[in-house]
Amino acid sequence: MSDDVRVIVITSGKGGVGKTTTTANVGMALAAQGEKVALMDADIGLRNLDLALGLENRIVYDVIDVVEGRARLKQALIRDKRMQNLAMLPAAQTRDKSAVSATQMKQVVEDLKAEGFTFILIDCPAGIEQGFKNATAGATEAIVVTNPEMASVRDADRIIGLLEAEGLRDPMLIVNRLRIKMVESQDMLSVGDVQEVLGNSVKLLGVVPDDNTIITSTNRGEPVALLKESIAGQAYRNVARRLLGEQVPFLDLGERDSLFGRIKKLFTSK
Amino acid sequence: MSNTWFNRLLGRSGPTPRACAKERLLGVVIEDRSAIPASVLELVRLEIVEVVKKYLIIDEQAVDVKLEKDDDGTYALVSHVVSRGVRKKEGMPAL
Ligand SMILES: Nc1ncnc2c1ncn2[C@@H]1O[C@H](COP(=O)(O)OP(=O)(O)O)[C@@H](O)[C@H]1O
Ligand SMILES: [Mg+2]
């Protein structure tokens with residue numbers, strides 16, 4: 001039964017592109033669909049997921065306490081009061097990435113599986129070093145988050161190569177902070193452009209607009225996925241449904257372009 | 001500012017920021033993946049110029065060398081040379 005558990009690492013390479021925001025919101029949206037979700041903050045030393053979820057005041061133990069035997073996993077897990085079937089395992093704030101090994105992180109994931117969760121989402125730190133290796137160790141699927149911007153797309157490409165080396169093939173792609181007006185005025189990369197650069201081994205999972213409500217809701221500790229009227233929230237809810245196998249049409253956020261891009265490719269490829 | 005849009009419409013101001021970004025990214029990404037640095041490609045380019053100009057009249061700036069990804073996932077070294085004609089016989093090295 002625990003083989004059905006989906007263990008997904010959320011990566012990007014570059015920092016600040018929206019991994020933590022994505023983890024919090026996709027987690028909320030999956031829980032709202034009735035899934036039993038565990039969110040693990042693997043950014044040891046730079047704890048953030050607690051803030052995105054508004055759970056920072058409830059932390060007693062963290063993942064290092066679990067690994068080093070000071071707490072049981074159940075004690076460290078924080079149940080969300082708004083969403084009963086969502087729980088978070090906090091990162092340690094006072095230690096650094098070398099405090100855990102990939103083997104230990106893998107064991108934590110195994111223990112989470114045994115708790116009966118159906119989804120385990122792992123918020124990966126930026127970079128390509130030990131923290132990345134730890135976060136990917138227990139995962140069987142990967143989401144790559146990128147912004148439609150040069151450095152972020154380049155790093156995403158690098159991460160895709162490294163994920164492959166870790167045995168995580170064909171990652172899913174979320175393009176975050178898209179500004180459709182800028183795409184239309186030819187000032188910003190479109191979703192189709194990003195896909196073309198990253199190649200067709202990546203599958204588009206979602207497109208999230210650049211949206212001020214993400215900032216205001218993060219400030220309140222309320223993920224946008226909970227806000228019915230938020231378009232970014234809708235984008236995250238769509239991601240959750242796609243993860244569950246539903247065919248959900250993409251919001252009109254330059255998707256026309258990506259479709260056009262694909263049609264164009266059909267005609268230009270030999 | 002508003003002039004840029006108008007200029008673009010008339011095709012005056014060159015490639016758009018979006019097109020630049022895509023073009024540059026396709027370049028760096030293929031370089032990152034193949035692990036062949038741009039400096040090596042430039043050396044290859046310079047030698048191709050030396051060889052080709054023995055036989056053809058070329059504009060040295062119009063010789064371009066780049067990596068392209070083939071459908072089977074391997075990399076192809078592609079050079080594009082614009083020639084303005086064949087050199088006169090006496091200019092050529094002995095055959
Ligand atoms: N779609 C978006 N629109 C606006 N702001 C965003 C969006 N996604 C993320 N942000 C903001 O960008 C910052 C970095 O996001 P975060 O999720 O912490 O990135 P990472 O975990 O990759 O470092 C945060 O302040 C967050 O609120
Ligand atoms: Mg983060």
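Q: How many bridges join β7(A) to strand β8 of chain A?
A: Six bridges join β7(A) to β8 (residues 203–209), and the two run parallel. They count as paired because DSSP needs to find at least two bridges between two strands. A:Leu178, for instance, stands opposite A:Pro209 in β8(A). A strand here is a DSSP run of E with at least two residues, a helix a run of H or I with at least four, and both are numbered from the N terminus.

Q: What kind of model is this, and how are its residues numbered?
A: It is a predicted model, where local features need pLDDT of at least 70, side-chain atom pairs count only at pLDDT 80 or more, and totals for chains, interfaces and linings use all residues. Residues are numbered from 1 along each chain as its sequence is written, chains are lettered from A and ligands numbered from 1 in the order in which they are written, and side-chain values use heavy atoms, leaving out hydrogens and water.

Q: Why is A:Arg177 called partly exposed?
A: Its relative accessible area is 37%, so it falls between the two cut-offs. A:Arg177 lies in β7 (residues 172–178) of chain A and has a positive phi of about 70° although it is not a glycine.

Q: Which strand do four bridges join to β7(A)?
A: That is β6 (residues 141–146) of chain A, running parallel to β7(A). Here A:Val145 stands opposite A:Ile174.

Definitions and conventions
Buried < 20%, exposed > 50% of the residue type's maximum accessible area, 1.4 Å probe, protein only.
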